[in-house]
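Welcome! Please take a look at the structure below, and then we can walk through it together.

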Amino acid sequence: MQSGTLEIDLHGMTKVQAKAALDAALRRAGGSVYRVAVVHGCHGGTALRQMVRTVYARHPKVRRIELGLNPGVTELVLREY
């Protein structure tokens, strides 16, 4: 049973692979999941970070995007807890 935050690591993936993995994670996320922590990294380039932040800002399951202190992680907020 999933609860709280789901974490997905996109390191080493292309943008196409990362989008497929993140779409699958959002489909799998049950009602108890309210956040998805997307670990995309920050030192290997910004392509994955930009893709996550632009594509998923408009995703129907995502209420908002939160940026934390770690520039290599983007949080997708699915609902308030």
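## A salt bridge to start from

Glu-66 forms a salt bridge with Arg-35, and their closest N and O atoms are 2.9 Å apart. A salt bridge here is a side-chain nitrogen of Lys or Arg within 4 Å of a carboxyl oxygen of Asp or Glu. The pair links distant parts of the chain, with Glu-66 in strand β3 and Arg-35 in strand β2, 31 residues apart. Helices (H or I, at least four residues) and strands (E, at least two) are DSSP runs, numbered from the N terminus. Glu-66 is partly exposed, with a relative accessible area of 26%, whereas Arg-35 is buried at 11%. Buried means under 20% relative accessible area, exposed over 50%, and partly exposed in between (1.4 Å probe, protein chains only).

Before going further, please keep in mind that this is a predicted model, in which local features need pLDDT of at least 70 and side-chain atom pairs count only at pLDDT 80 or more, while totals for chains, interfaces and linings use all residues. Residues are numbered from 1 along each chain as its sequence is written, and side-chain values use heavy atoms, with hydrogens and water left out.

How many salt bridges does a search of the whole structure find? The search finds five. In one of them, the side chains of Glu-80 and Arg-64 meet at 2.4 Å, N to O. This pair also links distant parts of the chain: Glu-80 is in the segment after β4 and Arg-64 is in strand β3, 16 residues apart. Glu-80 counts as partly exposed at 40% relative accessibility, and Arg-64 is partly exposed as well, with a relative accessible area of 32%. Arg-35, Arg-64, Glu-66, Glu-75 and Glu-80 are linked in a network of salt bridges.

Another salt bridge joins the side chains of Asp-23 and Lys-19 (3.0 Å, N to O). Both residues lie in helix α1, four residues apart, about one turn of the helix. Asp-23 is buried, with a relative accessible area of 18%, while Lys-19 is partly exposed at 32%. As a general point, side chains of opposite charge can pair when their charged atoms come close.

## How the strands pair

Now for the strands. Strand β3 (residues 64-67) and strand β4 (residues 73-77) run antiparallel and are joined by four bridges; two strands pair if DSSP finds at least two bridges between them. β3 and β4 form a hairpin, with five residues between them. Within this pairing, Arg-64 has Val-77 of β4 as its bridge partner, and Ile-65 stands opposite Leu-76.

β4 also runs antiparallel to β2, and five bridges join the two. Four of the five residues of β4 are buried. Ala-37, which lies in strand β2, stands opposite Glu-75 in β4. Is Ala-37 buried or exposed? Ala-37 is buried, with a relative accessible area of 6%. The C-alpha atoms of Ala-37 and Leu-6 are separated by 6.1 Å, although the two residues are 31 apart along the chain. Leaving out residues up to four places away in sequence, Ala-37 touches Thr-5, Leu-6, Glu-7, Ile-8, Val-73, Thr-74 and Glu-75, where contact means heavy atoms within 4.5 Å.

## The nonpolar core

The largest nonpolar core has 18 residues, and Leu-22, Val-36, Val-38 and Leu-76 touch the most other members. Such a core is a set of buried Ala, Val, Leu, Ile, Met, Phe, Trp, Tyr and Cys residues joined through side-chain atoms within 4.5 Å. At least two residues of this core come from each of β1 (4-9), α1 (15-28), β2 (33-39) and α2 (47-55). α1 supplies the largest share, four residues. In soluble globular proteins, nonpolar side chains tend to be buried together.

Beyond its neighbours within four places in sequence, Leu-22 is in contact with Ile-8, Val-36, Val-38, Val-52, Tyr-56 and Leu-76. Leu-22 is among the buried residues of α1, along with Ala-18, Asp-23, Ala-24, Ala-25 and Leu-26. What covers these buried residues includes β1, β2, α2 and β4.

## A buried arginine

One last stop is Arg-49, in helix α2. Not counting residues up to four places away in sequence, Arg-49 touches His-40, Cys-42 and Pro-71.
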